[in-house]
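Reader: I would like a close look at one part of this model. Please keep it brisk.

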Amino acid sequence: MATALATIAPLALTACNRPAQPVTDLMTVNPDEWPSWGRTGSETHYSPLDEIDADNVADLKLAWHYDLEPGYTASTPLMAEGKVFITTGHSHIRAFNAETGKLLWEYDGGTRERAKSALQMSWGSKGIAYDKGHVFLVTTDGYVVSLDARTGKEVWKVYDYPDHSPRNSNGAPRVFAGKVIVGFGGADISPARGFVTAYDENTGKKVWRFYTTPGDTVPPANKKAEEVMRKTWPSGWKNEDGTRRGGGGTAWNAFSYDPDLNMLYIGVGNGFPYNRDKRSPGGGDNLFLASIVAVDADTGEYKWHYQVCPGEQWDCTATTDMTLATLKIDGKERKVLMQAPKNGFFYVLDRKTGELLNQPGKIAKVTWADHIDMKTGRPVENPGIRYNGKPGMFEMWPGPTGAHSWMPQAYSPNTGLVYIPVLENGALIGDGQEGGGEITRGMGVTLIPEVDLPGGHRSFLKAWDPVKQAEVWKVELPGSWPGGVMTSAGGLVFEGQIDGKFVARDARTGKELWSFKTVSPVVGAPITYRMNGKQYVTVITGAGGQGAGMQTIADAPYRTDYRLPRRVLTFTLDGKDTLPAFTYSEPTPPEDPDYKPDAKRSQTGFMIYAGNACLVCHGWNAVGGGAAPDLRYSPIITAPDTFKAVVHGALKPNGMPPFPQISDKDLEDLRFYLRTRAQQAPAEKKAAMNKLKAAKASNAKPQDFAGKWNIVIQSPVGPQKAVLDLKVDGNVVTGTAKADQGNVDLAGAFKDGRIKIEGKASMPMPITIAYDLTVKDGELQGENSNGPFGTFPVTGTR
């Protein structure tokens with residue numbers, strides 16, 4: 001009963017429609033519009049509109065829709081001056097009449113024609129900005145553009161990148177204090193020095209540039225910041241030949257603004273190389289990696305910083321939304337900045353000073369640190385988290401996609417709660433291995449992000465009390481990749497799901513009040529606005545945004561197909577629109593009668609697939625996540641000439657980057673790997689669907705499992721044969737798995753008609769081999785969890 005009362009208490013405080021926390025002018029300015037990524041500089045993703053509320057949301061209906069071409073659509077729309085503005089693909093902009101959905105103009109950013117690297121064509125823009133009659137975008141290859149919001153014509157255009165270091169820009173720009181604020185990404189593959197630039201919104205002239213890691217160029221406004229940073233890189237950041245050894249700190253997504261303090265807040269990303277011993281052999285915190293940094297909005301001059309992961313070496317970033325609000329803490333109103341970064345903790349800081357105001361809570365499973373020391377503000381790291389110089393790999397939670405990724409959180413002053421799309425996923429991490437094994441060359445770390453760990457591959461929408469640092473309610477979502485969140489004064493939280501549903505929930509309880517079948521997954525955050533006294537809700541459908549092809553395995557049972565229709569959907573209480581009927585055709589692998597299994601060649605092809613970053617768009621183990629076509633079902637994998645033409649650039653106008661460096665031999669090995677994956681796809685899909693649908697129980701008895709079984713594991717490199725020799729004593733199960741690669745001793749138990757057994761192996765790093773099996777009609781059926789490499793179907797006969 002005490003637990004139940006503790007959950008109810010925060011809600012009781014908000015009874016009678018009294019706001020739980022102060023409602024500030026910064027949150028409610030211009031309630032009819034949504035002109036920026038988070039609606040205002042406070043980045044709350046909150047609207048003060050309340051015509052659509054918990055009592056009538058069940059009557060919400062489609063007002064208008066617009067069909068989009070295939071391509072990246074995991075983005076947030078805007079609304080201003082009676083128009084809805086969207087970005088899709090590679091900086092393609094459209095403007096619609098906000099009431100009718102009539103297309104008014106469109107603009108192509110030209111990235112696909114100009115881009116010189118796969119990085120500049122990977123994914124697409126997540127958002128745009130509006131201010132004073134202009135729409136602002138940053139193309140993925142680095143051009144900052146101002147468009148006339150009435151016509152879509154260019155007003156000015158400047159190039160942001162100072163050199164040829166690998167970079168891309170896919171976060172939304174912001175317009176604060178008359179300046180367009182832009183950053184970039186690329187710290188996962190290059191030690192390039194991170195920076196943020198402010199351009200005059202009227203002319204495009206550069207006003208200031210703030211560097212997030214130290215270097216030779218020190219603008220006057222950066223002098224103080226440089227002094228702070230340099231002492232945290234005790235061995236410097238250069239090699240003996242003068243080339244840059246360490247860097248990163250890209251700020252590509254998170255920016256907030258307080259006009260009263262005239263402070264801009266920058267969310268800074270990870271370092272490169274990941275391994276701090278390689279990046280900074282002398283150690284150090286390596287500021288401003290994984291930090292929140294406050295600067296003067298007019299000059300870019302440093303004010304304060306807070307680092308969430310000192311000495312970052314786990315792809316720990318602070319690039320998630322930073323929400324500004326006023327909270328009553330210890331009886332006093334405090335102007336705060338709130339962030340749930342990747343590392344799994346929730347932070348509440350004084351936004352004037354950067355002071356940590358309460359003990360950060362854990363929003364997900366966290367194993368890298370025990371807690372945050374309130375005296376120092378630093379994490380108390382768990383033993384062994386620093387992998388440098390240590391053998392093997394160890395489990396780390398959260399993994400590199402974080403407990404919270406770029407998908408926006410939302411805050412409502414009415415409930416006092418922050419609504420966070422949470423990921424529950426771990427990874428295996430270790431020191432860089434000789435002869436390969438690094439996820440990116442030179443990174444200095446072996447990292448396996450798509451790991452099948454107990455309790456992983458899950459996602460939630462969580463309502464978090466930032467004052468009590470406690471979860472108030474949570475809803476488990478389908479799959480492992482949640483959508484961005486929006487909340488309103490109508491007491492609602494809107495969020496899309498990977499299973500093709502757009503949902504409105506009660507902001508106080510999490511109860512589902514309304515849903516709409518969108519057909520396609522929804523990842524981008526929705527918005528709401530008002531036209532002529534009527535409130536609307538708009539969202540863009542389409543999968544994507546996972547990054548590095550992660551979080552595709554757990555989503556495989558759901559329809560994340562790249563071929564699914566992508567649309568702009570707008571709803572209102574008296575909507576009259578309908579969607580055309582959609583018939584889904586299940587994809588099937590192409591006929592391939594000449595295919596003959598070759599596990600060694602498949603493994604070679606997998607290394608080419610991974611080493612050339614094919615997984616970034618086409619998914620882990622070639623399981624597509626909807627960002628690009630699922631190659632297991634593509635007819636081009638059986639046509640060598642067509643395959644070569646596509647990989648070398650024939651489909652660049654469609655968004656497929658060219659890879660001319662891949663040799664003919666490697667192309668054929670890569671194609672063979674994809675043909676192998678195509679052969680495995682039907683069995684894997686069937687197993688995934690069965691797992692999703694079925695409860696694990698069966699009618700099997702313990703002794704049904706005893707004896708020797710010839711089993712076949714449908715692995716990514718082809719069918720793998722083994723023999724299971726099992727003994728059963730009561731509910732205790734022991735045995736051995738014997739295969740050409742070696743033997744593994746197994747132990748576990750029988751429960752509810754199934755056995756779960758596991759053992760340790762070395763390949764060459766220590767991994768766990770696990771089986772989850774039942775017996776049906778005399779056949780062994782279930783799954784093999786092969787350490788970090790995934791979960792695969794198993795069948796067996798005596």
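Is Cys316 buried or exposed?

Author: A word on the basis comes first. This is a predicted model, in which local features need pLDDT of at least 70, side-chain atom pairs count only at pLDDT 80 or more, and totals for chains, interfaces and linings use all residues. Residues are numbered from 1 along each chain as its sequence is written, and side-chain values use heavy atoms, with hydrogens and water left out.

Now to your cysteine. Cys316 counts as buried, at 4% relative accessibility. Buried means under 20% relative accessible area, exposed means over 50%, and partly exposed lies in between (1.4 Å probe, protein chains only). Cys309 is buried too, with a relative accessible area of 1%.

Cys309 and Cys316 form a disulfide. Their sulfur atoms are 2.1 Å apart. The term stands for a pair of cysteine sulfur atoms within 2.5 Å. In general, such a link is a covalent bond between the sulfur atoms of two cysteines. By this rule the count comes to one disulfide. The torsion about the S-S bond of Cys309 and Cys316 is about 70 degrees, so this disulfide is right-handed.

Cys614 is in no disulfide. The nearest cysteine sulfur belongs to Cys617, 9.1 Å away. That is too far for a bond. Cys614 is buried, with a relative accessible area of 14%. Cys617 counts as partly exposed, at 22% relative accessibility.

Next, the sheet. Four strands form an open sheet in the order β21-β22-β23-β24, with antiparallel pairing. β21 (322–329) and β24 (361–362) stand at the edges. Each has a single partner strand, so one side of each is left without a neighbour in the sheet. Strands here are DSSP runs (E, at least two residues), numbered from the N terminus. Two strands pair if DSSP finds at least two bridges between them. Strand β23 (residues 345–350) pairs with β24 in the antiparallel sense, over two bridges.

Strand β22 covers residues 332–339, and Glu333 lies in it. Glu333 counts as exposed, at 51% relative accessibility. Leaving out residues up to four places away in sequence, Glu333 touches Pro22, Thr326, Leu327 and Lys328. Contact means heavy atoms within 4.5 Å. Glu333 and Ile757 are 424 residues apart in sequence. In space, Glu333 and Ile757 are 54 Å apart, C-alpha to C-alpha.
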